[in-house]
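Hi there,

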Amino acid sequence: MTASGAGDLPVTAAATFCATLVDEWVRGGVTDAVVCPGSRSTPMALALADAAADGRLALHVHHDERAAAFVALGLGLATGRPAPILVTSGTAAVELHPAVVEAHQAKVPLLALTADRPPELHDVGAPQTIDQVRLYGTAARWFADPGVPDQSDADGWRPLAARCLAAATGSPPGPVQLNLAFREPLLGRPGPLPSPRGAGGPWFQAAPTGPPATPGLEEQTVEALAGALGAGGSSWSPVRASTTPTPSTSWPGSPAGRCWPTRGGTRTPAPATIAHADALLRHRAFAASVRPEAVLRLGALPASKVVVQWLAGLGPDVWQVGVDVDGTLHDPDGSLASVLRAPPGALCGALLDRVKATFEAEGWLERWVRADAEAAAAVREVLAGHHEATEPATARDVLAALPDGAALVASSSMPVRELEWFGVPRDGVRVLANRGANGIDGVVSTAVGVALAQQRRAAHTAVLVGDVAFVHDTNALVGLAARGVDLVVVVVDNDGGGIFELLPPARALGRDRFERLFATPYVADLAGLAAAHGVATVRVERRDEVGPAVARAVARGGPQVVLVPTDRRANAALHDELHAAVAAALDRAGLCG
């Protein structure tokens, strides 16, 4: 009798097929799966439930397919292992698309299991039947449609499961779609499974089961980089190439550099860590004074448009080289001269070893470091003068309040920018963000997935999110109170899309038109919304209340919402004040000549 209580059911090929796939996935390192209720997906749902009942994996059930897919994404983001997400046929499968796109863009392993009707029910008007073949287009690393399970194909079941994992965790990792057609009867129990290979291991091992390994650094790669950068200017200036503050390592989720290590992390306090590049480069004279001879760009670009435009505006005389673990091109402005496939941290270490004398002799880095210190002091002074809760201060205080070992998920739009622009570098907190497609959808659900992964380490998770993104992902709260996760949801409530206050429409359009088309305020009781799902909320309005509120929520454990009301227009004015204060500090320090 199986763990699902199906001892009186007939043995079916579908049940045996699904049990084999799940067994192989567990052997390959899968630790979590997410299931949405449905009928056509019954054989795989029972197989996953049996594995969970046996203690071989953790099963998370979610009512909403779109939110569930982002939970699976969060699990993959936090662990480096794909979490299968199972849905029934029809539009349920379509609901996975946003998370699949994010997984593709952000290189996060994900296994989308879409149940389907058998071939004879297609094109005859059967309910819940759509064309699911390659449903996610080029976003999927690999697609397979093995057809209705048949016992005669059993020898291919383990290789199929293993290939799914290999494709999802390869270089680069990403989403895989496995389209699973089932005939009735859907209820059944598995017979003997095809024999595995080896003693408990997977059928084949194409990638590690933990976070992706860093490839080795070849000496010829270092030589190629030095040669390429040297060819681009009158002199090879490795200091400027490797220590620019660095426009390529200053955002959550960047896969490169010591400022934002691996697939997340916070900027580490260090002598050459530059935390205020956005504010510094807004000062034209300072930006001109630190014009480099060469730039080494590690991984993806930051959220800061100012930094990205500064890089794009350097012109062809400044040789720019991109470095990415899998050689992905991050170059929307066409500024790069070449792209190298190499581990960024090891590459930087090798370059710095070669150019230590030049590094110590140059005054260029000293200018950056002094300027960053002046900017930090100016930001502290301005924020200290605002006793109400503000968005920059909230980002700083949430990051500072979390204990070591915690993870902080930052929403797109303003939260990730506030952290990048004004967060104080610290050790011990891993910062994650959906910066593949840069959307605001599924942010809280992603944080739920991260929290489920953190739960194994008895570590806490927080998410910093705006009110629009919070409302957009309301279904993340469904069943959250019963999941047993420690998750603090900090909602910056500015009644609409705060980022638009910093964009041209806020100045160019009449207020009524701007509010209707861009800010889009709404009437919603966010605390009541959370309460409806059994999640407690605390409201804080003063800056000195934010950090303590987060710390108390962490100490209490479980899911909680910290609601921080702010004013959109006041936030835009505060950003202007902060930038003006940084510029004045640079002028006073004589760092712009």
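Aspartate 278 is buried, with a relative accessible area of 4%. In this predicted model, its side chain meets that of arginine 282 in a salt bridge, with 2.8 Å from N to O. Arginine 282 itself counts as partly exposed, at 36% relative accessibility. The charged end of arginine 282 also sits over the ring of tryptophan 421, 5.4 Å from the ring centre.

The count of salt bridges comes to 21. One of them joins arginine 158 and glutamate 24, again with 2.8 Å from N to O. Arginine 158 belongs to helix α6 (residues 157-168) and glutamate 24 to helix α1 (residues 13-27), so this pair ties together parts that are 134 residues apart in sequence. Both arginine 158 and glutamate 24 are buried.

Another salt bridge is between arginine 568 and glutamate 515, at 3.0 Å from N to O. Here helix α23 (residues 568-588) supplies the arginine and helix α20 (residues 511-519) the glutamate, so parts 53 residues apart in sequence are tied together. Arginine 568 and glutamate 515 are both buried. As for shared partners, salt bridges join Asp23, Glu24, Arg27, Asp54, Arg56 and Arg158 into one network.

Back to helix α1 for a moment. Of its 15 residues, 13 are buried, so α1 is largely enclosed by the rest of the structure. At 1.5 Å a residue α1 should span 21 Å, which agrees with the 21 Å between its end C-alpha atoms. After α1 comes glycine 29, which has a positive phi, near 110°.

Now the aromatics, where the count comes to 7 pairs. Phenylalanine 286 and tryptophan 368 form an edge-to-face pair, 5.3 Å centre to centre with 90° between the planes. Phenylalanine 286 lies in helix α10 (residues 284-289) and tryptophan 368 in helix α14 (residues 364-384), so the pair ties together parts 82 residues apart in sequence. Phenylalanine 286 is buried, with a relative accessible area of 0%, and tryptophan 368 is buried with a value of 0% too.

Tryptophan 368 also pairs with tryptophan 364: their ring centres are 6.1 Å apart and their planes at 70°, so this pair is edge-to-face. Within helix α14 these two tryptophans are 4 residues apart, or about one helical turn. Tryptophan 364 is buried, as is tryptophan 368. Ring pairs link Phe286, Trp310, Trp364 and Trp368 into a cluster.

Best wishes

How values were computed: Residues numbered from 1 in each chain as written. Predicted model: local features only at pLDDT ≥ 70, side-chain atom pairs only at ≥ 80, totals over all residues. Heavy atoms only, no water. Salt bridge = Lys/Arg side-chain N within 4 Å of Asp/Glu carboxyl O. Buried < 20%, exposed > 50% of the residue type's maximum accessible area, 1.4 Å probe, protein only. Expected span 1.5 Å × (residues − 1). Phe/Tyr/Trp six-rings, centres within 6.5 Å; stacked < 30°, edge-to-face > 60°. Lys NZ or Arg CZ within 6 Å of the ring centre and 35° of its normal.
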